[in-house]
Amino acid sequence: MSIRSSVRKALSGAAALAVAAEVLLAPPAVGAPRADPLPPRPASSVDTKLLHRPGTHVRARQGAPALPEDVSALSWLVADVRTGDVLAAHNAHRLLPPASTIKTLFALTALPRLRGTGTHTVTEAELEDVGEGSSLVGIDAGRTYRVADLWRGVFLSSGNDAVHVLAEMNGGWEKTAAQMQDKARALGALDTRVVSPDGYDADDQVSSAYDLAVFGRTGLANPSFAEYAATPDAQFPGATHDDGSPTWTYGIENTNRLVTGEDGVGRYPGIIGVKNGYTSEAGHTLISAARRGGRTLLVTVMNPQHGGGFAVYEEARALLDWGFAATGHLDPVGSLQPALPSKTALAGAAPAPSRAPQPSTRTAYAWPAAFLVTTCLTGAILLRIRRNA
C-alpha cells in the first residue's frame, strides 16, 4: 500500500473515532441498557407528526439560506448527529427500497457479535445464494479470512459475498434478517422491512430516509462502525494462510465517492462516511455524514430522479452545504430520537410501580471513574512489586 493511502486511512480513521467519541460522551440516560452500541438517547420534545406528512419541511429563521433547488431525490433528510434534530426533510417516511444502505442496519446488528479479532474459513454453502449481479469483494470458498477483512469487504466494496458469510456466522440468513428487524424496531425505525440483509432487491423490502438516518447516526456512535465507514481504501486478501493472514493482497476502495473523491466526484470536506447503495429497483441511495466547525451533520438521499449515477453525491453535497450554512438559523422539524409521552398520556397513565431510587447522572459516571482509579492503583502496585522482586 502506498504512503499516501496509509495516511488517508489514518486520517479518516481518526476523524471517525472523534465523531464516535462526540456521540458516546453524551450523558447517559438512567436505566439504559449497556449492551447496545448506541449511547442512551434522551427523549425528544419535538413533534414527530410533521415528518409523517408528505412534502418538504423546514423551519427557517431570518438569515437562513434557501434550500437547494436542484435536489430531485424522492426522499431526503438532513439531521444533526449530536442532538438528533432533523433540520429539514422531504417525504421523510416514504417507503422505498434502500439497496445497500441497509448494510448499515446489518452492521449494527452483527458487528457487536462478530468483532474483527477472529477468523473464519468460508464454505461453498455460504456463497451459493449470493444474488446474480451483486457487488462482490472477492471471497473464495475454502480460504480462511480475518473477520476484520470481511467487514472491510462490507463497508468498502459493499460486498454481498462478505454479508452472506458474516450472516451465516451470525446464525444464518433468516435469523440475521429477523435480528435486523428487531434492531430497527428497538431504534424506533418503524418504516423498515428487512427481507435481504445485503440490500439485494426483494419483494416488500423497504426503508425510508428517516430510518436510514437513524441507522447512520447509531452507527457513528460505534467506534468500529465509524472507522470502517470512514476508510477510503484498504488491501484485501487474494489468498491466505491458515491463520487468515494474507499471502498476497489487492486494493479495494470505498464505493462512496464522497469519501474517496473518485470518478470526478470531489471528496467532501470533513467527510466521515457512511454508506451508499444502488440496485435497479432502488436507484441510487446514500447515507453521508460530515464534520465542520465542531458540528456533525448527516444526510440521507434516496433515488434522485435527474442527473445520472453520481447525482446522489451532488445532491447530498448540496444538502450538507446548506445544513452547515444554516447553522443557528433553523428550528427542528423532527427528531431521530424517541418522542416524549404527551401530557394527556401522562395524565391518564396508571401510577408507576414503586421502584428503587435511580442513580443521578453524577452517580452514573461515578462507577467508571472508580473503576479507572482502582485499575491504575492496582497497576502501580503490581509494577512496584515486580520491580522489587
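This is a predicted model: local features need pLDDT of at least 70, side-chain atom pairs count only at pLDDT 80 or more; totals for chains, interfaces and linings use all residues.
Residues are numbered from 1 along each chain as its sequence is written, and side-chain values use heavy atoms, with hydrogens and water left out.

- T279 counts as buried because its relative accessibility is 12%; buried means under 20% relative accessible area, exposed over 50%, and partly exposed in between, using a 1.4 Å probe and protein chains only.
- The T279 side chain makes a polar contact with the side chain of D201, at 2.6 Å.
- A polar contact is a pair of N or O atoms within 3.5 Å; within protein, one must be able to donate a hydrogen and the other to accept it, and residues adjacent in sequence count only if both atoms are side-chain atoms.
- Not counting residues up to four places away in sequence, T279 touches A99, G199 and D201, where contact means heavy atoms within 4.5 Å.

**The second largest pocket**

- On a 1 Å grid over the protein atoms alone, a pocket is an open set of points with protein on both sides within 12 Å along at least five of seven lines, a cavity is a set where a 1.4 Å probe fits but cannot get out, and lining residues have an atom within 4 Å of a point.
- Grid points are joined across faces, edges and corners, and a volume is the space filled by probe spheres set on the points.
- Both β8 (271-279) and α10 (311-325) supply at least two residues of this pocket's lining, and the largest share, five residues, comes from β8.
- By class, the pocket lining has six nonpolar, 15 polar and six charged residues.
- Ala, Val, Leu, Ile, Met, Phe, Trp, Tyr, Cys and Pro count as nonpolar, Asp, Glu, Lys and Arg as charged, and the others, Gly among them, as polar.

**The cavity and A99**

- A search of the whole structure finds one cavity of 30 Å³ or more, and about 40 Å³ of space lies in the largest cavity.
- Residues lining the largest cavity include A99, G199, D201 and E281.
- Five nonpolar, two polar and two charged residues make up that cavity lining.
- A99 lies in the loop between β3 and α2 (103-110), and it counts as buried because its relative accessibility is 1%.
- The phi of A99 is near 55 degrees, a positive value in a residue other than glycine.

**Other loop residues**

- N303, in the loop between β10 (295-302) and α10, has a positive phi of about 60 degrees although it is not a glycine.
- S207 sits in the loop between α6 (173-186) and α7 (209-220), and its relative accessibility of 0% is why it counts as buried.
- The side chain of S207 makes a polar contact with the side chain of T192, at 2.8 Å.
- Beyond its neighbours within four places in sequence, S207 has contacts that include R94, P98, D191 and F215.
- G84 is found in the loop between β2 (75-80) and β3 (85-90).
- The C-alpha atoms of G84 and P338 are separated by 9.8 Å, although the two residues are 254 residues apart along the chain.

**Helix α8**

- In helix α8 (residues 223-230), the buried residues include F225, A226 and Y228.
- At the start of α8, a side-chain oxygen of N222 reaches to within 2.9 Å of the backbone nitrogen of S224.

**Confidence in the model**

- The protein averages a pLDDT of 83, and 75% of the residues score at least 70; pLDDT is the predictor's confidence in each residue, from 0 to 100.
- Over residues 23-40 the pLDDT stays under 50, and the model has 29 contacts beyond four places in sequence for them.
- Residues 344-389 also have a pLDDT below 50, with 12 contacts in the model beyond near neighbours in sequence.

How values were computed
Helices (H or I, at least four residues) and strands (E, at least two) are DSSP runs, numbered from the N terminus.
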